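Hello,

Here is the structure I promised to pass on. Please have a look at it first, and then read my notes below.

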Amino acid sequence: MQKKIEGIRLLRFPLAVFVVMEHTLPHYINSDIKPITYLLFDTLLRGNNVPVFFFISGFLLFNTDVWNSNVWLGKIKRRIHTLFFPYLIWNIYAILILWIVIKGMHIMHIEDGYVFTPSLQNIFNCFWTYDGSLSGVPALPMFPINVATWYIRDLMLLCLASLLIYRALKKAAVPTLVIIAAAWLFTNLYATTSLFFFTFGAYFGIHRKTLPALSGRTAAACLALYILSAAVAWLNPELLEHDAFLYIKKINIITFLFVAFYASAHIKAPRHATFLSGASVFLFLAHQPVCGKIDKFIIHVLKPHDEIRLTAINLLSVTITVVSILVIYRLLQLYAPRTLQFLTGKNRA
């Protein structure tokens, strides 16, 4: 079991890199060019990674021999350090990055519609559902200002509800999973996604079941279905704009989950697996406020005029983002380990 747990912890690094790709590749392109990466990641990887994070979180939270009110209370207290403090810190970090960027644009006399307006209401919104008011550019109020931390926001709520989830899964596991799965299947809400995959992972942890361990044939079938579900949208990109794609994407996400765990159990861990596993949390939390800005800067300087160059620039932006954050992580690991522990929520078990 310990080997399996180490395997799923290692999964977090490639998943974090995929999240960086999602937040870099298609969203910051002010161009009519549709790069190769747009369809590749929208059909193959977009939206697949955070559900796996929720599954892992649910599994690890309940992977214990005893679970009662006292255990639950202890876990909640620990998550003040492991979730709540990092949540505040990394959103403050995003606010500071935004302020620095806007200040720099004004100094260089670059006008892009941004006006930094730090009212109490605007600052408060940054920590739950940011509407763009802080920068003067409207945004859909769904995520904190550091978009990636919506995962932590929802995870904190799920941890608070974990005692109820535990009791439901102990007394009526199948009906509970069916109801929550139906809510996820027939809606397109982030809340039902986080609830379903967290509860799905919790089921495996509570009932001491092994993680989705597929036979070679079943894994091959899941991989084929995963690729097929992506290929349908790849060959017919208009699907991405219609509700019909919703159900194809659900198949894509579920099969990705099983294929990811199969891979984690069978692929040999690289030499620096421990470092990469530890860096995954830092990469996940640090990337979003900077990745798009790096991408936009490179595009602004090089001004690509064709699909191949734009794709190369997108991938270069991802590489610069990941490598620079890993370097910062390593420097903190060497020279400021206590600060790093606090930033990643690892100063308490």
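Let me start with Leu-331, which sits in helix H14 (residues 307-335); helices here are DSSP runs of H or I with at least four residues, numbered from the N terminus. Leu-331 counts as partly exposed because its relative accessibility is 43%. On that scale, buried means under 20% relative accessible area, exposed means over 50%, and partly exposed lies in between, with a 1.4 Å probe and protein chains only.

Before going on, a word on the source: this is a predicted model, in which local features need pLDDT of at least 70, side-chain atom pairs count only at pLDDT 80 or more, and totals for chains, interfaces and linings use all residues. Residues are numbered from 1 along each chain as its sequence is written, and side-chain values use heavy atoms, leaving out hydrogens and water.

Leu-331 also belongs to a nonpolar surface patch with Val-323, Val-327, Leu-334 and Tyr-335, and together they have about 510 Å² of accessible area. (Patch residues have over 30% relative accessible area and no salt bridge, and nonpolar side chains, namely Val, Leu, Ile, Met, Phe, Trp and Tyr, are joined within 5 Å, like charges within 9 Å; the areas come from the Shrake-Rupley method with a 1.4 Å probe, and for residues only the protein chains shown count as cover.)

Helix H3 (residues 49-61) gives another picture: 12 of its 13 residues are buried, so it is largely enclosed by the rest of the structure. Among the buried ones are Pro-51, Phe-54 and Leu-61. Leu-61 is also in contact (heavy atoms within 4.5 Å) with Lys-75, which touches Trp-67 too, leaving aside neighbours within four places in sequence. Lys-75 is found in helix H4 (residues 69-107) and is buried, at 12% relative accessible area.

How many salt bridges does a search of the whole structure find? There is 1, where a salt bridge is a side-chain nitrogen of Lys or Arg within 4 Å of a carboxyl oxygen of Asp or Glu. The side chains of Arg-153 and Asp-154 form it, at 3.0 Å from N to O. Arg-153 is buried at 8% relative accessibility, and Asp-154 is buried with a relative accessible area of 8%.

Finally, the largest nonpolar core has 73 residues, and Phe-54 and Phe-284 are among those with the most contacts inside it. (Such a core is a set of buried Ala, Val, Leu, Ile, Met, Phe, Trp, Tyr and Cys residues joined through side-chain atoms within 4.5 Å.) Its largest share, 9 residues, comes from helix H1 (residues 2-24).

Best wishes

Key
Helix = DSSP H or I, 4+ residues; strand = E, 2+ residues; numbered from the N terminus.
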